[in-house]
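Here is a short note for a colleague opening this entry for the first time. Please keep the sequence and the 3D view side by side.

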Amino acid sequence: MAANIFEKIITNINKNKLKYIFLLIIVLLILPFVVENQYVLHIAVLTLMYVLLSSSLNVIVGYTGQYNIGHVAFYAIGAYTAAIISTRFNLNFIIVILISGFVASLFSLMLGIPTLRLRGIFFAFTTLGFAEITRLTILNWRSLTRGPFGIPGVPIPQIFGMRLSTNTHFYFMIFILLFLMLLMTYRIINSRVGRAWISIREDEQASASMGVDTFKYKIMNLMYGTFWAGVGGAFFAYFAGYVSADSFILDESFRFFAMVLVGGTGTLAGPILGGAVLTILPQVFRSFARYQMIIYGVAILLIIHYKPEGLLGGRTFKRDLSESEDN
Amino acid sequence: MLKAEDLKIHYGHVEAVKGISFEVEAGEIVTIIGSNGAGKSSTLRGISNIEDKAGGKVIFQGEDITSLPAHEIVDKGICHVPEGRHIFSQLTVEENLYMGSYSKTDQTKAEYQDKLARMYDIFPRLKERRNQDGGNLSGGEQQMLAIARGLMMDPVIMMLDEPSLGLAPLLVEQIIKLIKEINEDLGTTILLVEQNARKALSIAHRGYVMETGNIIMSDRREKLINDPKLAEAYLGVG
């Protein structure tokens, strides 16, 4: 019954996709002007940030089927890169964010070249290990990261002489980043590159038999996804004004993963819903904050049992070949 | 056109292919028959470089392609339809066919549509099911899809690995007939690997018989069919 209603809603949304996307953008744009409660606004910023991070993981897990469970490492590398260079050099925040993305991407290249030939679970273990190595390196390389003390005093970002320090400013900053990310990802997914990614997810051997350079496209996919994780990390550094290794424990990786799984892998809409639900839900129940991971656990269990492809996953949003630009 | 010289493929200490040589001429249907585990599939996987070769050489149209990466071998016009079909099960039939033309970067939209229509002519079943997910097709339909997807890349030579595997006798008949038609009507050279020796030999021009990593016999079809030893071992007497 409930599932039926859900299907109906999805069909309706699917039919009027553009209208709903437009509506969502309008609502998100108006939100900071309507909401005066700073706490709610703070949560709204975090929500959009987590949507960005889970979307970046979805690029890797959902579109190419590479089980990267150490995604937090790239988020951490982005955050630390931003904190380190912004506290030492006087650079515009936009440049810092870009550099942070590239640095995260570079690390994924170094991780990817030796490990992407590994299949499935082995790649997953490697990324898991990489996340722990990254965290431990941060914790111990005191001359660069100040170890357990973290890096405080990340400067307030400025643009055209305006200081961006309020929740509303950060809200729009992350909104723009997320918008760019989704737009770019949408374009890529519907291009030759996207087709190659999806075919690798579906069947890597067949993909190679079709003439897809699977190794190249896997590397490209990993670098693209981790770039946005780095961007998310850099944003976090500016938003919090302080970075410390505590923020980048493995729990974060599982949180991203839960968001992607609950929302639905391999769709752009999935992680948006998953990211939003799993950021807002624990806040609603924040009086038992220490049971937060239980919420993620239960959410994943319920999804795996009732809708294994995720709330918006599977072929819910079927692509139409006749719409694509390249044929 | 396609020539393997002293081809060797090892899995760890297991020597799956122990240095075999064979040749396929343009326009031919050549079959490699043999029982399970003889090294037939490994041979194809070695040619298309999905599997690393332990030794030997592969020459295609006079060019040494031994160590070209898999995707470049496809660009040369060698299509490998792998064992077990390996279709993209969550993509629709049409999306699967689209992926087949992935390597044809210089192809126009009209040419693509044209080829798609031709595939639907040859495989009317696929047209009926064009918007269904590949995973929802029956075994026979999946095999047709795998072949059609391969044809989308206009291959010079098509290497088919056990296309009859797991299909009902009537469907096997149909697939075998199709392979012959592809060879005759489209002029595609065929290298067919089969356990079903009788069916394979019914359309092949020549055949090689493999046993535990070696080629033990090779001849024209008529000779092979009438060979008493072969009849006993692979064709089933009677």
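1. First, a caution. This is a predicted model.

2. The chain contact. On chain A, 15 residues are in contact with 26 residues of chain B. Two helices of chain A, α9 (192–202) and α10 (204–209), each supply at least two residues of the side that touches chain B. The most comes from α10(A), with 4 residues. By class, this side of chain A has 5 nonpolar, 5 polar and 5 charged residues.

3. Helix α13 of chain A. This helix covers residues 269–284. Its 16 residues, at 1.5 Å a residue, should span 22 Å.

4. The buried part of α13(A). Its buried residues are A:Ala269, A:Gly270, A:Pro271, A:Ile272, A:Gly274, A:Gly275, A:Leu278 and A:Thr279. They pack against three helices of chain A: α3 (38–64), α12 (250–263) and α14 (292–306).

5. A loop residue in chain B. Where is B:Gly135? This residue lies in the loop between α5 (124–128) and α6 (139–151) of chain B. B:Gly135 counts as exposed because it has 12 C-beta neighbours inside 10 Å, and a residue with 12 or fewer is exposed.

6. Contacts of that residue. Leaving aside neighbours within four places in sequence, B:Gly135 is in contact with B:Ser89 and B:Gln90. B:Phe88 is 47 residues from B:Gly135 in sequence. In space, the two are 7.3 Å apart, C-alpha to C-alpha.

Terms used: Residues are numbered from 1 along each chain as its sequence is written. Chains are lettered from A and ligands numbered from 1 in the order in which they are written. This is a predicted model: local features need pLDDT of at least 70, side-chain atom pairs count only at pLDDT 80 or more; totals for chains, interfaces and linings use all residues. Two residues are in contact if their C-beta atoms, placed from the backbone, lie within 7 Å. Ala, Val, Leu, Ile, Met, Phe, Trp, Tyr, Cys and Pro count as nonpolar, Asp, Glu, Lys and Arg as charged, and the others, Gly among them, as polar. The expected span of a helix is 1.5 Å times one less than its number of residues. A residue is buried if 20 or more other C-beta atoms lie within 10 Å of its own, exposed if 12 or fewer, and partly exposed in between; C-beta atoms are placed from the backbone.
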